[in-house]
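User: I would like to go through the geometric terms applied to this complex, setting each value against its definition.
Analyst: Gladly; here is the structure.

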Amino acid sequence: MSAGSPARALDVSMLPIHAFGHRSLMWWATMCMVAIEATAFALAITSYLYLKGRVPHWPVGAPTPRLLWGTVNVVILVVSAWPNLMARKAAERFDLSGVRLWMAVALVFALGFNIVRFLEFGQLQVRWDTNAYGSVTWFLLGLHTAHVLTDFLDSSVLTAVMFCGIVDANRFVDVSENAVYWNFVVLSWLPIYAVIYLAPRFV
Amino acid sequence: MTPAEAPRIVDNDPRLAPGGLDEERRRLEHTWRSPSGLIGWLSEVDHKAIGRRFIVTAFAFFVLAGLLAALMRIQLARPDNTFLNPDLYNQVFTMHGTTMMFLFAVPVVLAMGVYFVPLMVGARGIALPRLLAYSYWMFLFGGLFLYVMFLANVGPDNGWFSYPPLAGPEFGYGKRADVWAQLITFTEVSSLVVATCLICTILKMRTPGMSLNRMPLFVWAMLVVSFMVMFAMPAVMISSTCLILDRLMSTHFFNQAEGGDPLLWQHLFWFFGHPEVYIIFVPALGMMSEIIGTCSRRPVFGYLVMVLSMIATAFIGFGVWVHHMFATGLPQLGQSFFTAASIMIVVPTSLQIFGWIATVWTARRLAITVPFLYAASFFFVFVIGGLSGVMLASVPLDRQVHDTYFVVAHFHYVLIGGSTFPLLGAVVYWFPKMTGRMMGQWLGRLSFWLLFAGFNLTFFPMHLLGLYGMPRRVYTYPASMGWGSMNLLATIGAGVIFLSLLVFLVNVITSLRAGAVAESNPWGGSTLEWATSSPPPPYNFLPQPTVASREPLWHPELASPPVVGLESEKRQVLVTAVLDAEPDHRYKVPGPSLWPLATAMATTLMFIWSIFQAMGLVWGAIPTFVCLVGWFWPTRGKERLAASPPTRLTLRESLS
């Protein structure tokens with residue numbers, strides 16, 4: 001409370017005005033978002049398994065989804081972790097040209113993923129209104145699509161900001177946290193892929 | 001952090017001299033002031049202003065839901081009454097429950113956190129203030145949407161948990177169930193955003209010295225609750241989305257005939273719905289601790305046990321949802337597990353009650369103030385509700401009284417006793433901090449005793465009505481059932497509650513106009529919100545205090561030096577380390593903006609459009625995206641760098 005001696009103070013004026021990773025507020029806000037979305041994914045997967053557990057044969061009334069495009073997307077997403085990591089590293093050394101380069105590369109991957117995702121829906125071999133199996137399969141894929149699509153859009157905006165040069169240190173922090181969130185989108189796809197494509201075949 | 005960047009203790013700092021402080025105050029007032037006029041009001045981002053709006057709006061919904069309850073009580077006052085028709089009665093009880101849970105109980109406890117957490121952790125502001133503004137607008141628009149639809153006779157009518165198949169496409173005609181499902185989306189977004197703001201503030205913006213083990217218990221409660229919100233709310237987000245898809249896109253999640261399962265709804269809903277009860281209850285535990293500690297003039301007994309009990313309550317709260325589903329014929333083993341879990345939750349709750357009793361028992365000088373009365377009533381009212389809860393956790397008894405007025409009595413005792421009584425106490429307790437004036441004592445005591453009497457008169461007979469077999473959600477009953485006199489008693493009690501809230505409201509209004517002016521610490525509290533003026537300035541503290549104990553205001557001998565060196569020309573806050581709150585860096589939080597409002601309006605358009613046309617989701621997403629880009633796009637100006645890419649060194653220099 002009031003200072004022990006008349007004017008004793010904790011001087012923080014030397015502290016930096018930005019920080020990366022878990023030191024930054026943005027990292028914690030991103031992690032909250034990740035926790036919320038991860039819970040949503042987990043509950044959607046649980047719903048899938050719950051419905052699957054209620055019937056003797058799965059999938060119900062439809063052939064298993066074709067593997068091609070979903071598997072292609074696993075490859076695209078896993079590889080896209082690399083340009084994201086590079087963008088993050090460039091951001092953390094305030095390397096604007098590096099950030100521009102690697103964010104653009106990462107965007108190309110995200111765009112490619114979204115295009116392939118469009119093809120993926122056609123290969124599910126079931127409609128959302130056929131039965132509960134169709135509904136929950138479309139729901140899982142749709143939920144993940146909502147994430148890759150919105151992340152593609154917000155990464156585009158951030159990339160545009162970096163190219164316009166309206167840059168201060170906290171924009172570099174944004175690039176870093178954006179890359180962290182993309183990693184979550186990548187990691188969440190692996191269990192969802194397993195549930196949609198592998199569970200009907202092998203479980 | 002290099003040694004050159006480390007904070008340091010300075011003696012005889014001129015910035016703390018009276019002249020220096022006056023100069024600093026002028027600059028801070030300029031930097032943190034809210035813009036004036038309508039535009040200023042709409043672009044407000046101050047956590048205290050938004051917290052106040054949240055609280056006032058939530059209480060407005062509380063009054064509306066209370067009036068709906070009064071309509072129900074009038075209808076049930078005597079047998080074979082025709083005051084409300086069955087269809088309207090269905091809408092009224094659904095609106096009552098939905099409003100109380102989603103538009104009052106959760107928002108109002110979170111709003112208390114929005115107002116007080118930054119003050120109690122000694123921060124200049126809240127983390128993510130614009131996002132907070134967005135959450136308020138979403139809450140307001142969602143609530144308005146619900147009530148406009150209700151007035152248009154499209155109010156939800158399937159109960160606050162909206163079970164399919166009743167709420168599904170087969171039996172839920174019209175748009176009523178869609179309105180319910182979309183209201184949920186509004187309130188979800190709002191609550192999740194507030195939880196995020198609170199977590200970031202509590203973990204990263206506590207003032208130096210406030211390590212986790214020195215956090216006030218209310219702040220602990222809000223931290224626990226924010227995490228509960230994050231892990232519980234997605235369940236209802238998923239389930240209400242599936243419900244709306246079943247209704248609008250012909251999916252079959254809950255359609256038995258096509259491989260779906262209505263019980264999946266119940267699992268998902270109660271996986272949210274039971275933690276929801278604790279989301280309402282745990283902040284009240286924090287309020288109890290603050291009020292009891294202050295009124296007893298001593299630290300709350302067993303700080304560590306109190307904290308661990310709240311955390312344990314939160315964890316166990318996620319493992320009891322099936323006790324809402326005992327009547328659905330689940331496997332025996334599952335029922336036993338959930339009975340055990342439901343009874344286990346008694347342990348942490350009891351530990352806290354014993355902790356408070358020990359605090360009051362060993363009080364230095366007990367101050368029986370109005371807030372203390374509300375806190376003390378918790379022991380009586382909540383314990384009755386808790387005990388009937390233990391009874392309901394047992395499957396045979398639950399099967400007997402399931403969906404009867406016994407359950408209605410139980411959860412009103414738990415929710416009103418466990419949350420509303422402490423909340424009203426907290427309103428009286430913190431009223432001087434929020435408004436600068438004390439609430440009237442005499443009217444305060446009158447409204448408390450009226451509420452206490454009216455509450456028990458209304459809800460205690462419902463235990464008996466339930467045991468006599470009166471089911472919930474019936475719009476009337478024949479005289480031959482013999483339930484008339486008990487129901488009349490409950491209706492009279494409801495009238496007394498109405499009167500008590502009227503007295504409370506009169507007290508608020510007269511106190512705002514002519515209440516005794518409050519100094520900074522009228523109750524002699526120990527926590528940092530009492531260290532600043534009443535009401536606090538927009539920048540909260542000058543200078544920002546640091547702490548060296550759990551009760552900084554009670555230990556002047558443990559004084560620690562205040563913070564200097566935050567830039568007063570920017571809305572700069574001090575970000576600290578998660579565990580021990582060592583200073584880490586300074587961060588500029590954003591100022592007032594219209595973008596949160598614009599984005600909330602666009603989101604509202606998208607949500608409402610989508611329940612009439614599926615493509616509304618797509619078309620409505622476009623203005624939402626545009627607004628988000630406008631929100632995110634950095635302002636041009638001196639921060640713009642030269643076209644050549646900077647090296648680390650030049651950028652650092654340009655920033656310093």
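User: Why are α4(B) and α6(B) called roughly parallel to each other?
Analyst: This is a predicted model, in which local features need pLDDT of at least 70, side-chain atom pairs count only at pLDDT 80 or more, and totals for chains, interfaces and linings use all residues. Residues are numbered from 1 along each chain as its sequence is written, while chains are lettered from A and ligands numbered from 1 in the order in which they are written. Helix α4 (residues 86-120) of chain B and helix α6 (residues 176-204) of chain B pack at about 20°, with axes 10 Å apart; axes are lines fitted to C-alpha atoms, for helices over the stretch in contact, and angles run from 0 to 180 degrees between N-to-C directions. Angles under 35 degrees count as roughly parallel, over 145 as roughly antiparallel, 65 to 115 as roughly perpendicular and the rest as oblique, and α4(B) and α6(B) are therefore roughly parallel.

User: What is the make-up of the contact of α4(B) with α6(B), by class?
Analyst: It has 14 nonpolar, 6 polar and no charged residues, where Ala, Val, Leu, Ile, Met, Phe, Trp, Tyr, Cys and Pro count as nonpolar, Asp, Glu, Lys and Arg as charged, and the others, Gly among them, as polar.

User: How do you know which way α2(A) and α3(A) run relative to each other?
Analyst: Helix α2 (residues 68-92) of chain A and helix α3 (residues 96-122) of chain A pack at an angle of about 165°, their axes being 8 Å apart, and α2(A) and α3(A) are therefore roughly antiparallel. By class, this contact of α2(A) with α3(A) has 20 nonpolar, 6 polar and 2 charged residues.

User: How does the reach of α12 of chain B compare with the expected value?
Analyst: Helix α12 (residues 370-392) of chain B has 23 residues and reaches 33 Å from its first C-alpha to its last, close to the 33 Å expected at 1.5 Å a residue; the expected span is 1.5 Å times one less than the number of residues.

Terms used: Helix = DSSP H or I, 4+ residues; strand = E, 2+ residues; numbered from the N terminus.
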